[in-house]
Amino acid sequence: MKVAITSTGLSLESNISNVFGRSPNFIVADLENGKIENVLPIENPAKNERGAGNLAAQFMVDQGVEALIIGELGNVAFGILRNAGIKIYKISPRSVEKNLQYLMEGKLEEISSASSGFSGMNKSLGGIRRR
């Protein structure tokens, strides 16, 4: 599965970025057989543009991303991503690599509607679904 995550840096060890459209970078990777492969760091081409969230959402569609791990997201960008069939997961305040591992382990919450809590992460749970 091809996944993108918002990031402050350009490596798996980087911190996550809580914003989407103005995120400095994205890390795109393939998650296959419990492994993180084909890691591609990408500077966000929309971060300084008007309508950054919508442009970043279309950029994710154009990259062929199947899932996205993010913090906050606007309604229009959410619609663009959902209409493209991209699954959206709430980010955990950990490293990029840890979030990718959490996704493979089924520990991140899938967001099914724009009203599912994009006004900020639940700090006590850190974005991780508890079982």
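Before any numbers, one term: a residue is called buried when its relative accessible area is under 20%, and exposed when that area is over 50%. What you see is a predicted model. The protein chain has 131 residues, and 43% of them are buried.

Start with the overall layout. The secondary structure of the chain comes to three helices and six strands. Among contacts in the chain with a separation of 6 or more, 53% are between residues 24 or more positions apart.

Now the helices. Two packed helices are described by the angle between their axes and the distance between the axes. Helix H1 covers residues 52-62, helix H2 covers residues 75-83, and the two pack at an angle of about 10° with their axes 8 Å apart. Angles under 35 degrees count as roughly parallel, so H1 is roughly parallel to H2. The crossing of H1 and H2 is right-handed.

Which residues in H1 and H2 meet? From H1 they are Gly-53, Asn-54, Ala-57, Gln-58, Met-60 and Val-61, and from H2 they are Val-76, Ala-77, Ile-80 and Leu-81. Sorted by class, this contact of H1 with H2 has seven nonpolar residues, three polar ones and no charged ones.

Next, the interior. In soluble globular proteins, nonpolar side chains tend to be buried together. In this model the largest nonpolar core has 20 residues, and those with the most contacts inside it are Phe-20, Met-60, Leu-68, Leu-73, Leu-81 and Ile-88. Strand E2 (25-32), H1, strand E4 (67-70) and H2 each supply at least two residues of this core. The largest share, four residues, comes from H1.

Take Leu-68 as an example. Not counting residues up to four places away in sequence, Leu-68 touches Ala-4, Ile-5, Phe-20, Met-60, Leu-81, Ile-86, Lys-87, Ile-88 and Tyr-89.

Ile-16 lies in the loop between strand E1 (2-7) and E2. Is Ile-16 buried or exposed? Its relative accessibility is 12%, so Ile-16 counts as buried. Leaving aside neighbours within four places in sequence, Ile-16 is in contact with a list of residues that includes Ile-5, Thr-6, Ile-91, Pro-93, Val-96 and Asn-99. Look at Pro-93 in particular: Ile-16 and Pro-93 are 77 residues apart in sequence, yet their C-alpha atoms are 6.8 Å apart in space.

Last, two asparagines. Asn-33 is not a glycine, but it has a positive phi of about 50°. Asn-33 sits in the loop between E2 and strand E3 (35-43). With a relative accessibility of 77%, Asn-33 counts as exposed.

The other asparagine is Asn-38, which also has a positive phi of about 50° although it is not a glycine. Where is Asn-38 placed? Asn-38 is in strand E3. Its relative accessible area is 57%, so Asn-38 is exposed.

That is the end of my part.

Notes
Residues numbered from 1 in each chain as written. Predicted model: local features only at pLDDT ≥ 70, side-chain atom pairs only at ≥ 80, totals over all residues. Heavy atoms only, no water. Axes fitted to C-alpha atoms, helices over the stretch in contact; angles between N-to-C directions. Parallel < 35°, antiparallel > 145°, perpendicular 65-115°, else oblique. Left-handed = near helix turned anticlockwise from the far one by under 90°. Contact = heavy atoms within 4.5 Å. Nonpolar A, V, L, I, M, F, W, Y, C, P; charged D, E, K, R; others polar. Core = buried A, V, L, I, M, F, W, Y, C linked by side-chain atoms within 4.5 Å. Buried < 20%, exposed > 50% of the residue type's maximum accessible area, 1.4 Å probe, protein only.
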